[in-house]
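Dear colleague,

Please find below the structure that I am handing over to you, together with its sequence. My findings follow it.

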Amino acid sequence: MLNKQELTDIITGLIPETEFPEGTQLLEVIVPAEKYFSLVEKLKSDQKLSFNYLISQTAVDFLSHMTVVCHLESVEFRHLIVVKVLLTDRENPTIDSLTALYPAAEYFEREIFDLFGIRFNNHPNLKRLFLEDDYGYPLRKDFRDEINIIER
Amino acid sequence: MSSNLYDFSTLTSSIHAALSGMMSSGWVVFTELVLIGLLFLLFYALLGLFLVYLERKVCAIIQNRVGPNRVGKWGLLQTIADLIKLLLKELIPIRKADPILFNLAPFIVILASFMAMAALPFAKGLQAVDFNIGVFYVMAVSSLGVVGILLAGWSSNSKYSLIGAIRSGAQIVSYELSVGLSILAIVVFSGTMQLSGIVESQADGWWLFKGHIPALIAFVIFLIASTAEINRGPFDLAEAESELTAGFHTEYSGIKFAFFFLAEYINMFIVAAIGATIFLGGWMPFHIGNWEGFNHIMNYIPSMVWFFLKTFFIVYLIMWFKWTFPRLRIDQLLTLEWKYLLPISLVNIVFIAFIVLMGWHF
Amino acid sequence: MSEEIIKDVIVGENEDYIINMGPQHPSTHGVLRLEVCLKGETVKYLIPHIGYIHRGIEKMCEADTYQQLIHLTDRMDYLSAHMNNEAVCLCVEDALQVEIPERVKYIRTILDELNRIASHQLWWCAFGMDLGALTSFFYGLRDREHILDIFEESFGSRLLHSFVMPGGLMHDVHPNFQKRTKEFIKYFRKKLPEYDQLLTGNIIFQNRAKGIGYMSRETAIGYGVTGPSGRGSNFACDVRKIAPYGAYDKVQFNEILGTGGDTFARYQVRMAEMWESMNIIEQLIDNIPEGDYTAKMKPIIKLPAGEYFRRVETARGELAVYVVSDGNKSPYRMKFRTPNFSNLFVLNTLASGHKIADLIAISGSLDLVIPDIDR
């Protein structure tokens, strides 16, 4: 199991455009949108890293930008990492899909599309999961539903 | 022999003589037919009520609970309450279902079981229809039931019903072979197909014991195959609730559903009665060879009591199977029949023919 | 007129025969719609449709305080309600760096394991019933009533207790708790072999379960199938061993791994887990230390700004809680990674090529609870 510093070194060696915020519970990697897919691919295929288990993939809406957050774990070595991508476009946020690497990503990404409106390139079946097609994107912070949601 | 057993033919011939005194012979036959028909209808209805109650109680005991005990003393009126409820339910008409076939199907199923019941020997001298090809008649007539099931599934215009009916059709048609062959085993032993003849031939012991090993094999195969024939027990995937909601009778409600429900229980009784007649001696008491004294004592229990005891023993076995075992899948079911039961039955028959030729049975 | 009838009847070669195992169905336990494409009796593919019980729990959590949203987490996987509560509480306690008393850790772990046994009992009885052994339903529920009575005495409710609060427990357990739990363990040790007699050794059951729904280890890791379903395929994913919490580091227990990967392997893993849970409870029940039932917490809990991540092992797999906090009394974003969400979507891969009856057996062995999927 590699510790935070070793992981940071290996990953900076693979893709130099990554940033590592300080003082977090788990090791976090912030990567620009163009390098997102290749970083995750390298994280999965590298022999010393081997992050082959996608625990969770979700999104967070800060009003100025949206973040897609992936938690990855290695089954052999048991180290955890958090990969984050910042998306600034609120009209049409788009990012690459991880379905080619992890079959589980197909459904996590459908959920993110359903609740946030973030579209994924190369997704085999990007349809909404829980809600109807004409409902907005509820987990966005600027979502208002006059009928069903009561604001305090 | 069975000298002190009450012979019902004295009763039936005295009724016949009384009627002949009152009207011409054509009318006598007609009146007797009507009387027997009414008796059977009554018997059918009461038997259905009783069997449903018995099933619920047996099921409850196996499942560690009490069963119906509120309606009437010990819950005896529960089935009557259910019957009234079913009669009063709305008959939901199905759009795009073939109306003639949809309504005809339950009647065909009841018809088949009615015709089979006519040939059962209930007691000494008490048998409505006694053909010399009795066994053949019973097997032929009980096969009519599958027509009703297929019609029900097809005409319901529902995918679930269709799948249930197709499964059931395949199952019944396959298992008829094993049932027939196992009954045939005893026909080889007794030398006659007439049901009363088969019972008479067991006067010195039941075929299950006289025929030792091959008769035992035939009996086990008969039990398994006839449970599959009546869509019960581990072979009830045609109406598997957890998969297809109710299979071929999903779309039926009210009195039509009551017919299917009733026919299933009466079929269970018929199959148990055939098994009791052919393997366990029918109304013949438990005799052992030439032990005159023992046989004479056994004869004090009336023959009708013997018949019902044996039948209800087999009914209990069939109920026990249903509540203990999980269900078989359709391909496992068909594999069991075609790859295992059928070859064993065939070999068994050849073996029995050899035994009968050599005289190696009791 | 007759041409229209004939067109309705003839199904073309390239049309699929779709059957709908709709939201109301006796054996999909919960509101799940499966669109199953059949060829004869064989399943070609199936598409699950979910969302019938989507209540927006994650959005509601953004408006509730941390003590209030514990009650929402109960309602996700209601059969392992206690573990759901504990996940959020561990997250909060880690963030505030609160030291919880030993007594609390022991009691939480015992309740975890009792909840796990109750959940597996319900799974066993429903699984037997789906396969046609209707008696197993009653045997499982008869024994589960004992656990529910213990819960009712201590917490007042049988299924959804919301007993675990950030910092400790809501109140202390009933004085009878220890005695009744020990009695239950003694009683259940005699009853669990009955389950094996009824179902496990039955040849019909084994034919329905062996070789059905094979899941390889790579498929399990790729789809994220955890819990007993994943462990049946030799995927060592027990969070109690990877990242122990509560009193799990103080007890000896085995992680049950099955190598078969089929329905029967998943079945055996769950049966063995019931034995292990009883062992864990026995090691802890006599040694519960005295002390406070909660640590001193402020009435309004505000997590420091930042992100926190915690995992627990529910009866069905790995539940992960991801909290983004901006310093207020409600979380800014709360994400629940639920085990059933990942377990459901592997159903298409497992059931393709099998018969309808096998589909029921496979979904029963995956042990899905639908509110957990939809949240």
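Helices and strands are DSSP runs, at least four residues long for helices and at least two for strands, numbered from the N terminus. In these terms, Asn290(B) is placed in the loop between helix H12 (254-279) and helix H13 (292-298) of chain B. Please bear in mind throughout that this is a predicted model.

Contacts between chains

Two pairs of chains touch, and the pair B and C has the most contacts. Chains A and B, by contrast, do not touch, their nearest C-alpha atoms being 25 Å apart.

Between chains B and C, the contact involves 24 residues of chain C and 22 residues of chain B. On the chain C side, the elements contributing two or more residues are helix H5 (102-131), helix H6 (135-155), helix H8 (203-209) and helix H15 (356-366). That side of chain C is made up of 12 nonpolar, six polar and six charged residues.

The contact between chains A and C draws on 23 residues from chain A and 25 residues from chain C. Which element gives the most to the side of chain A that touches chain C? Strand E2 (residues 53-62) of chain A does, with six residues. In composition, this side of chain A has 15 nonpolar, six polar and two charged residues.

Helix H15 of chain B

Helix H15 (residues 330-358) of chain B is 29 residues long. From its first C-alpha to its last, H15(B) reaches 41 Å, close to the 42 Å expected at 1.5 Å a residue. H15(B) has a kink of about 35° at Leu341(B), shortly before the proline Pro343(B). Leu341(B) is also one of the buried residues of H15(B).

What covers the buried residues of H15(B)? The cover includes helix H7 (159-190) and helix H10 (212-229) of chain B, along with H15 of chain C. H15 of chain C was named above among the elements on the side of chain C that touches chain B. Just after H15(B), Gly359(B) adopts a positive phi of about 75°.

The two sheets of chain C

One open sheet in chain C consists of three strands in the order E1-E2-E3, paired antiparallel. Strand E1 (17-21) and strand E3 (42-49) are at the edges; each has a single partner strand, so one side of each is without a neighbour in the sheet. From one strand to the next, the twist averages 25°.

Strand E2 (residues 33-39) of chain C is joined to E3(C) by seven bridges. E2(C) and E3(C) form a hairpin with two residues between them, and in the turn Gly40(C) has a positive phi of about 70°.

Another open sheet has three strands in the order E6-E7-E8 of chain C, again with antiparallel pairing. Its edge strands, strand E6 (306-314) and strand E8 (333-337), each pair on one side only. Neighbouring strands here are turned against each other by 15° on average, direction ignored. Five bridges link strand E7 (residues 317-325) of chain C to E8(C), and the bridge partner of Tyr322(C) in E8(C) is Lys335(C). Helix H4 (residues 81-96) of chain C lies across E6 and E7, running at about 145° to E6(C).

A residue of chain A

Ile30(A) belongs to strand E1 (residues 28-30) of chain A. Because Ile30(A) has 15 C-beta neighbours inside 10 Å, it counts as partly exposed. Leaving aside residues up to four places away in sequence, Ile30(A) touches Thr18(A), Glu19(A), Pro21(A), Lys84(A) and Leu86(A). Ile30(A) and Thr67(A), 37 residues apart in sequence, have C-alpha atoms 9.6 Å apart.

With kind regards

Terms used
Residues are numbered from 1 along each chain as its sequence is written. Chains are lettered from A and ligands numbered from 1 in the order in which they are written. This is a predicted model: local features need pLDDT of at least 70, side-chain atom pairs count only at pLDDT 80 or more; totals for chains, interfaces and linings use all residues. Two residues are in contact if their C-beta atoms, placed from the backbone, lie within 7 Å. Ala, Val, Leu, Ile, Met, Phe, Trp, Tyr, Cys and Pro count as nonpolar, Asp, Glu, Lys and Arg as charged, and the others, Gly among them, as polar. Two strands pair if DSSP finds at least two bridges between them. Axes are lines fitted to C-alpha atoms, for helices over the stretch in contact, and angles run from 0 to 180 degrees between N-to-C directions. The expected span of a helix is 1.5 Å times one less than its number of residues. The bend at a residue is the angle between axes fitted to the seven residues ending there and the seven starting there. A residue is buried if 20 or more other C-beta atoms lie within 10 Å of its own, exposed if 12 or fewer, and partly exposed in between; C-beta atoms are placed from the backbone.
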